Structure formats: structure tokens, C-alpha cells
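Dear colleague,

Here is the structure I said I would pass on. My notes follow below it.

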Amino acid sequence: MLPASTGRRTRRETGMRKGRSMEIERLIGRIGRPALRYTQLTPETDSAEAGVLIVDTIGILSSLYRYGRWGYIGGGFGAGIHNTLEAAVFGLPLAFGPHYGKFREACDLIESGGAESIADGAQLLEWFDRLYRDPAATQRAGEACRTYVESHRGATRRIVDEICR
């Protein structure tokens, strides 16, 4: 997930599994810009200079989407994407890899203009660049995601009511 930019720089947030400390440290070394680890933040941490926030804990990503500007949903180059609705509810334009076909929400979000499927890293960078340079396109895509989620509120209640009839 990428949160709102601070000036011309954009901060990146990447979810990481617990227990991968050495891997995270190597990643930080390759980034080439200031990075913070979520588990090392304190109330006194000055995050203004950080270009990257590495989320090195489990279970909080859905809470972080609210701070984002765009969202990349993982899993799309494997068996299938992760939960798109967790990010869409906050009105984030979304991108994910090509293995999304069995997820109706992802198909619907693409059809509505709120999400895009990307084939590789180059397309992901093009997508980020396009949205960064065109705030109106970012707003349209984000609104499409938010509208989609709003239009499907109450679905669980409708399904339960139908089953109990």
C-alpha cells in the first residue's frame, strides 16, 4: 500500500511476515532511501524523513489502508489475490497481478474502473506513475472502489435472510 505522499516523495508500505528480520534488513539495504520498520516505531519516532514503512507484523494491514493513496494487492502472481475489499472500502485505486479471475470483487472492481490487473513490475510502475501524475484519475478510480463497496453493503444479511426463508 502506498499512503499519501509527503511533498514530492511517496512513502511505500510493504506487509512482511513475522520472523524475517534478516530478510527485512536486506530489503532495507536495497531500497536506497530511508525506511522504518513498523515494529520499531515509538511515539517519538520522526517518520517525516522515511520514504518507506515496512510493516513487519501480522494482522494490521487492513487498518493501514485508511492512510493510503493507492493499493497494491498481493497474491496475484500466485494462486490468487488477497482481499481487495479491505482497501477498496477506503477508496483506494487498486492494482493486482493477473491471477484474479476467480474473485468476483476483483473482476467487478476492474469493470468499474477502480482496479487494474498488471502483468509485471514495469506495468505496476506505469500504473503508480499515471495515478501520481493525474490526481483526477486517482480520485475517479478510488471513488469507483468506494462506490462498489457501498453498493454491496448488507450482502451478508440478504444472504442469511434468503437462506432462512
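Rings of Phe, Tyr and Trp (for Trp, its six-membered ring) are taken as a pair if their centres lie within 6.5 Å, and planes under 30 degrees apart count as stacked, over 60 as edge-to-face and the rest as tilted. On that basis a search of the whole structure, which is a predicted model, gives four aromatic pairs.

One of these pairs is W70 with F128: the ring centres are 6.0 Å apart and the planes stand at 55°, so the pair is tilted. W70 belongs to strand 5 (residues 68–73) and F128 to helix 5 (residues 121–133), so this pair ties together parts that are 58 residues apart in sequence. W70 is buried, at a relative accessible area of 2%, and F128 is buried at 17%. F128 also pairs with W127, again tilted, with 5.1 Å from centre to centre and 50° between the planes. W127 counts as buried at 2% relative accessibility. W70, W127, F128 and Y132 make up one aromatic cluster.

The chain has 165 residues, of which 33% count as buried. Of the contacts between residues at least 6 apart in sequence, 46% join residues at least 24 apart. The accessible surface is about 10,100 Å², with 52% of it belonging to carbon and sulfur atoms.

Now the charged pairs. The structure contains nine salt bridges. Among them is D56 with R37, whose closest N and O atoms are 2.8 Å apart. D56 sits in the loop between strand 4 (52–55) and helix 2 (61–64), while R37 is in strand 3 (residues 35–37), so the pair ties together parts that are 19 residues apart in sequence. Both D56 and R37 are buried.

Two others lie within helices. R133 bridges to D129 with closest N and O atoms 2.9 Å apart; both are in helix 5, four residues apart, or about one turn of the helix. R133 counts as exposed at 61% relative accessibility, and D129 as partly exposed at 34%. In helix 7 (residues 155–164), R157 and D161 are likewise four residues apart, and their salt bridge has closest N and O atoms 3.1 Å apart. R157 is exposed, with a relative accessible area of 53%, whereas D161 is partly exposed at 38%. Finally, salt bridges with shared partners join E25, R37 and D56 into one network.

Regards

Methods
Residues are numbered from 1 along each chain as its sequence is written. This is a predicted model: local features need pLDDT of at least 70, side-chain atom pairs count only at pLDDT 80 or more; totals for chains, interfaces and linings use all residues. Side-chain values use heavy atoms; hydrogens and water are left out. Buried means under 20% relative accessible area, exposed over 50%, partly exposed in between (1.4 Å probe, protein chains only). Contact means heavy atoms within 4.5 Å. Accessible areas come from the Shrake-Rupley method with a 1.4 Å probe; for residues, only the protein chains shown count as cover. A salt bridge is a side-chain nitrogen of Lys or Arg within 4 Å of a carboxyl oxygen of Asp or Glu.
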